[in-house]
Amino acid sequence: MIFAAGLVAMTTTAIAQPVITSSITSVPLGTIATAYGASPTVLPGAGGAGVTWDMSTVPTVYAAKLTVVAPSTTPYASTFSSATFCVQVDGTRTSYNYNRQTSIGVENLTLTYAGVGTGTDFSLNPRMSIPIPFSYTNERSDTFQSATSGPDTVRLIYDGYGTLKTPFNTYSNVIRIKEDYGTKYSYSWYNVTPFVMVMNYSSSSNNYVIVKTHFATTGVAN
């Protein structure tokens with residue numbers, strides 16, 4: 001389960017073509033999102049400029065509740081002390097996505113981590129998910145490693161921007177980042193303002209995750 005909790009400051013030469021810049025702030029603590037699984041009755045489609053991706057008819061199934069929390073309040077804070085923000089995932093069990101924001105981007109330290117042997121631990125070499133700076137057609141490669149496998153490389157490609165329609169909302173200004181692993185790939189769609197993931201597609205599972213976010217009004221994570 002992937003949930004990008006960081007708000008990334010955006011600049012544009014025109015509002016239709018967002019550029020991810022180096023100034024990063026955080027989503028307010030307590031922000032809650034609901035993640036839904038969705039069967040691929042509609043394929044992700046091609047990238048490009050000014051694309052409309054219409055996923056409004058895909059059937060969805062509740063998957064998990066996502067909450068932005070301070071890393072210090074979580075049970076594995078000392079293990080991932082470099083994390084700058086965290087997402088608590090309440091699904092079939094409670095797990096945590098620890099992340100680190102730096103001047104070069106947002107890196108995943110864990111995905112759905114619930115103790116040694118549960119979830120994925122990238123702390124040996126964190127996985128880049130959002131490069132900074134990053135603009136349309138840019139590409140960046142990143143080598144990462146989990147605790148249970150050897151080094152791997154992902155090629156991140158800003159492959160499109162435009163409008164995304166989901167069963168819950170229509171987002172008129174989104175970007176899409178492709179993660180290319182060679183034999184498999186995924187797409188992540190991000191709403192520009194605020195900058196949060198609203199949908200993900202994975203070729204390995206052949207499924208979507210669609211995220212519906214409800215922002216907290218007080219308390220800002222450092």
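**A walk through the predicted chain**

E139 is partly exposed, with a relative accessible area of 48%; buried means under 20% relative accessible area, exposed over 50%, and partly exposed in between (1.4 Å probe, protein chains only). This residue forms a salt bridge with R155, and the closest N and O atoms of the two are 2.8 Å apart. A salt bridge here is a side-chain nitrogen of Lys or Arg within 4 Å of a carboxyl oxygen of Asp or Glu. The pair links distant parts of the chain, since E139 is in strand 12 (residues 139-144) and R155 is in strand 13, 16 residues apart. R155 counts as partly exposed too, at 32% relative accessibility.

Some ground rules apply to these values. This is a predicted model, in which local features need pLDDT of at least 70 and side-chain atom pairs count only at pLDDT 80 or more, while totals for chains, interfaces and linings use all residues. Residues are numbered from 1 along each chain as its sequence is written, and side-chain values use heavy atoms, with hydrogens and water left out.

The mean pLDDT of the chain (the predictor's confidence in each residue, from 0 to 100) is 88, and 87% of the residues reach 70 or more. Over residues 1-15 the pLDDT is below 50, although this stretch has 65 contacts in the model beyond near neighbours in sequence; contact means heavy atoms within 4.5 Å. Residues 218-222 also have pLDDT below 50, with 13 such contacts. Where pLDDT is low, the predicted coordinates should not be read in detail.

As for the fold, the chain has 17 strands and 0 helices. Both are DSSP runs numbered from the N terminus: helices are H or I, at least four residues, and strands are E, at least two. Of the 222 residues, 50% count as buried. Among contacts with a separation of 6 or more, 49% are between residues 24 or more positions apart.

What does the interior hold? The largest nonpolar core has 21 residues, and I20, I175, I177 and Y190 have the most contacts inside it. Such a core is a set of buried Ala, Val, Leu, Ile, Met, Phe, Trp, Tyr and Cys residues joined through side-chain atoms within 4.5 Å. Strand 11 (127-131), strand 13 (152-165) and strand 14 (170-180) each give two or more residues to this core, and strand 13 provides the largest share, 4 residues. Another core, of 18 residues, lies apart from it and includes M55, Y171, Y187 and V198.

Strands 13 and 14 also carry a charged pair. R176 forms a salt bridge with D159, the closest N and O atoms being 2.7 Å apart. R176 lies in strand 14 and D159 in strand 13, so the pair ties together parts that are 17 residues apart in sequence. Both R176 and D159 are buried. Elsewhere, salt bridges that share partners join E139, R155 and D180 into one network.

A search of the whole structure finds 4 salt bridges. One of them is between the side chains of R100 and E107, at 3.1 Å from N to O. R100 is partly exposed, with a relative accessible area of 22%, whereas E107 is buried at 9%.

N108 lies in strand 8 (residues 105-108) and counts as buried at 4% relative accessibility. Leaving aside neighbours within four places in sequence, N108 is in contact with Y98, N99, F122, P126, R127 and S129.
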